[in-house]
Amino acid sequence: MAERSFKAEVEDLRLGAGETFTGEGILALTKALLENGVGYVGGYQGAPISHLMDVLADAQDLLGELGVRFEANANEAAAAAMLAASVHYPIRGAVTFKGSVGVNVASDALANLASSGVTGGALVIVGEDYGEGSSIMQERTHAFAMKSQFWLLDPRPNLPSIVQAVSDGFELSEVSNTPVMLMVRIRSCHVTGSFQTRDNQKPKLSVRDALSNPRSDFARVVLPPMSFAHEQDKVKNRWPAAEKFIRERKLNEVLGPQADFGIVVQGGMYNGLIRALQRLGLADIYGASDVPIYVLNVTYPLISGEFLEFCAGKDHVLVIEEGQPEFIETQLGSFLYRAQSAVKLHGKGLFPQAGEYTGQVMLDAVTGFLKTAAPAMLAAVVRAPNMDRPAIPDLSKTVPIRPPGFCTGCPERPIFAAMKLVEKELGKHQIAADIGCHLFASLPPFEIGGATMGYGLGPAANAAFDGGGERRPVAIIGDGGFWHNGLSSSFTNMAFNKSDGVAIIVDNYYSAATGGQDVMSSRADNATKATKNPISKALNGIGIEWVRQIDRTYDVKKMRDTIREALTTDAPGPKVIVASSECMLNKQRREKPLRAAAIKEGRRIEAPRFGIDEAVCTGDHACIRLSGCPSLSLKRLDDPLRDDPVASIDQSCVGCGNCGEVADAAVLCPSFYRADVVHNPSAWEARLAAFRARVIGWLQRRRDGKRLVFGGAQ
Amino acid sequence: MTQHQAIPMAAKGMDGVIKLALLAVGGQGGGVLTGWIEAVARANGYVCQATSVAGVAQRTGATVYYVEMAPAGAKVPVFSLMPAAGDVDIMITAEMMEAGRSIMRGFVTPDRTVLITSTHRALAVSEKMVPGDGIASSEEVMAAAEVAARRFIAADFDALAVAQGSVISASLFGALAGAEVLPFPREAFEAAIKSGGKGAAASLRAFAAGFAAAQGAVAEKPPEVAADTAPRGPAALLAQWQALTDRAGRMPAPVAEMASLGLRKVVEFQDLTYGAAYLGRVEAVLARDQAPFELARQAAKYIANAMAYDDVIRVADLKTRAGRAERIAAEMGAKAGNVVQLTEFLHPRAEEIVGLLPAGLGARLEASPTWMARLDRWFNKGRRLRTDSLRAYLMLYVLGGMKRRRLGSLRHRQEVAHLERWLAVALGYLPANYDLAVEVIRCRRLVKGYSDTHARGLSKFDRVLDGVALVAGRPDAADWARRLREAALKDEEGKALDGALATIRSFA
């Protein structure tokens, strides 16, 4: 993290016994790791768990004092593999990434880890990116826990519960020799609240000490015949040990009164359920409920005995399980069937099969359940008269969608403007995209890139086309994707298979979409990370010859010509363009304060911004179709002669240059100008400017003296 | 502002919980505003929980923040992590369409919701990229908000903040305080800003402006400078101008209004003689029109636009006019002592060069591929001109002064031919179908832009007119002409237009 400081958050990590932490869930979780004697932490950034990584990266001093190793892993697989340290050594380790995509990448290591089993507590913190605000495919991490048999915690979404889950998770892992996954949903990560802190604990055995006393045991190696023994160990020893711990420590909670019906809920959905009950008048503000609730803070494994005890004396039970397939509901149904129970199980059906359980969904489903299970409880609400509500006009045709897009001044915009220009010349191409900010190019106005197959897999996704054809396939990948997995999975694949394809690497100096973390090729100095390793050097290293490095993506003509060359050259093998310019968000973060300080100190500073001559703009918006920049917008003129709004650039423009470049490269129109305000000009510069202004003024007066000049707007 | 009757909720445990949702566009400082709201609640005896799903939507997408609070007690309340339809007390939206979105999502209901919105627009890409006018209707959202909200507070909180050198999060925080919907005094809100430190002074000013706006005070608007339409210049020219103005003024009112503006436009483009020619063209149409004179009014508008075409001379003239540099300096916020450098982005092609030449010569060169290629080689290149420097300024100044040669140029001949053909086609429909003639006049709107965009506009114009010819005999021909024109303005490539034309061909 070059351009942001997390000093304040790091201070929170130092809170001791008896103090109160107030802040976001993900930071509380980070603090809990330190309180529980974690020996090493790793992970790969991504919403919603980036914060954990960013804060720990800034907490090197504290980690040093505690003897905790922190590693920003190259990808999720590397992070999960890091937990190998807990296989032989009694060291608590934690890694974090987002689910389900991070778990996909990590699954090889996770499966091996789960087979080997662990000695020290191994915790995988997964930020489940499901529902509103999610940027990934809608799947569940749950399935991975089931297939590899590691335990899955899904605590209630409040800070004390999340913090407790960390401590429970480590212990559960240790007593059952099984890695534990702690799942926190996107809103739980960002939820704010408070908890009582404890002192941070040094690990009982540090990773440094472990290196002094190495251990090995071939029984832990995933090779036959041990792999068969591992499977037996999982079901015969580890699983029962986990069940025992979960029951004895009451990790799952039974709340509310006795009744002939009840609700089973994933811990993470608890607050949503309570809100629905509150709205029905069946729970108070503190969650005291008139309905029996079985809270699954552990969603895998499910404990048959505990569940059947909850069901005893009940006729109807509702399962609240977000996402699909409904693994929990199916398993609970199986428990009931095997117990020959007559309890009627409700779940999907009342709830929609797919999609987020929003407030309305929850209210409707719980109401529907209670209508069957306890109609008397609902009477008051059901009898409530229909409120005389005015019909609210339908705005669905009015309000435009607002997907995310490139930021103001983004260096990726000119790359895709150039790509669009090339496609206008050479026709539409097969384009595969990767993961990262560049994927916004698949949306209007660029609409470039048809599919994304995973992080670092953009060029690999074009492998079927590697043999070539009339037009070359194009793949786009970011620097984050390149180092995550792209170098091996995409580029060695291209090189090895003598691909005829084109790949464009969007190098913005950061892992930008996840918050601006450093990567191998970042230009910043980083005390704990190896940066400044050029991507082009890596490409040369794997034998790719045709590499074009562009150091200013804003040069649209050069960008366009280079892409055209890549698509038309006779050179054999992969054609790779490395398009490098710094992420504008991070650049501004760094430069803005410096610039303000320099102006204050009286140093000469040029501040560029673009503008548009309204009278020259004809309102065809061709520039916007090659930009989509937030600062390039429209404005209606107060002129009855004009029908269409004209383009207009607001004060948020950072003067990146794309507008001028595009106007030139696409031969759009002469409306754009760039104004460089020179702060603290030299005396000579100011005198020259004054002289020029005098001459220009004289010329203008001369011409205006011979014609009619109209005032007001031009 | 509207005030609906509050309908009491019967919920057992909901007493005292205040639910506040915030819908913003990524980059508007929604996180900062949420932080302030939390701070003011916690500092004043409330427990408070906030959540967000910012994620990748931080990059200019629509983002939701959600806050719940309740008086602190012995136990911690169970708060919800997301706003629910029909269950939001205070909805703050930091942009007009986001207000619409909050209504669509059911977060604004007449029984409980106080809606505070900024009325300014941050246009979505889908609105901006349309070749015509794709801007969504704020009026529709305002009307819906009046119906949907229990109380509705709307102002341009973005402008209020910018005027104070701050950002919208501060003015909206002020509006929240001014709305008096949270049980905290103004000072408590201000204390939350002050504890933030950085930029607090500007934030407090924006807060005050937002506070006042929410309390109903109308923000002091700078007095509108009445558009000064009277020209300045030599007495002889002014006298001729007066005569032309009078001539336009003698037209029926609806036509005169447009013709006066058109006259100004063409005189500014060329000269008074050209203005007289313009009035002549309008009068010719007017002679065939009758009340309410919609045909002549539209003709007055579009003939002016057609006659004041966008050629090199016009652009050069506009870029070298008095007052431009000063206006730009002011827009850029340049202070006394700053120097402003101006760079223009021009890209002349052979077409523009031959267009400037005398019609005969220009036409010969244009017909010769060799010459066009040669001219492209010489001239077709992006040129960045520093118009604050004398050399570049003089170059444009000289070009801008070439008006005398304009009427003999190839470009002018082409423009006149196009204009006359268009008028002839439109007026040709006049005897049989008045409305169709008006719609064809309006089709001139399609011709705009420069170079390729201009060529595309011309081609769309031609295709629309061809389509119109197919249905000219039908009673609903005018309606079809309007639909074709609107389709042509929908997208760049003319896909919508192709669709509409296919429909026409299917029955015509």
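I began where the two chains meet as strands. Strand β25 (residues 709-710) of chain A and strand β7 (residues 231-232) of chain B are joined by 2 bridges and run antiparallel. I noted one facing pair here: A:Phe710 stands opposite B:Pro231 in β7(B). I keep in mind that this model is predicted.

I reminded myself how strands hold together. Strands of a sheet pair through backbone hydrogen bonds, either parallel or antiparallel.

Next I looked up the whole contact. Chain B gives 120 residues to it, and chain A gives 109 residues. Which strand supplies the largest share of chain B's side? I found strand β8 (residues 339-346) of chain B, with 8 residues. Then I sorted the chain B side by residue type. I got 63 nonpolar, 29 polar and 28 charged residues.

I then turned to a sheet within chain B. This open sheet has 6 strands, in the order β2-β3-β1-β4-β5-β6, and its pairing is mixed. Which strands form the edges? They are β2 (46-52) and β6 (151-155) of chain B, and each pairs on one side only. On average, neighbouring strands of this sheet are turned by 15 degrees against each other, direction ignored.

I picked one pair inside the sheet. Strand β1 (residues 18-25) and strand β4 (residues 90-93) of chain B run parallel, joined by 4 bridges. In this pair I saw B:Leu22 opposite B:Ile92 in β4(B).

Last, I checked what packs on the sheet. Helix α2 (residues 96-104) of chain B does, and it touches β1, β3 (62-71), β4 and β5 (114-118) of chain B. The direction of helix α2 makes about 135 degrees with that of β1(B).

Key. Residues are numbered from 1 along each chain as its sequence is written. Chains are lettered from A and ligands numbered from 1 in the order in which they are written. This is a predicted model: local features need pLDDT of at least 70, side-chain atom pairs count only at pLDDT 80 or more; totals for chains, interfaces and linings use all residues. Two strands pair if DSSP finds at least two bridges between them. Axes are lines fitted to C-alpha atoms, for helices over the stretch in contact, and angles run from 0 to 180 degrees between N-to-C directions. Two residues are in contact if their C-beta atoms, placed from the backbone, lie within 7 Å. Ala, Val, Leu, Ile, Met, Phe, Trp, Tyr, Cys and Pro count as nonpolar, Asp, Glu, Lys and Arg as charged, and the others, Gly among them, as polar.
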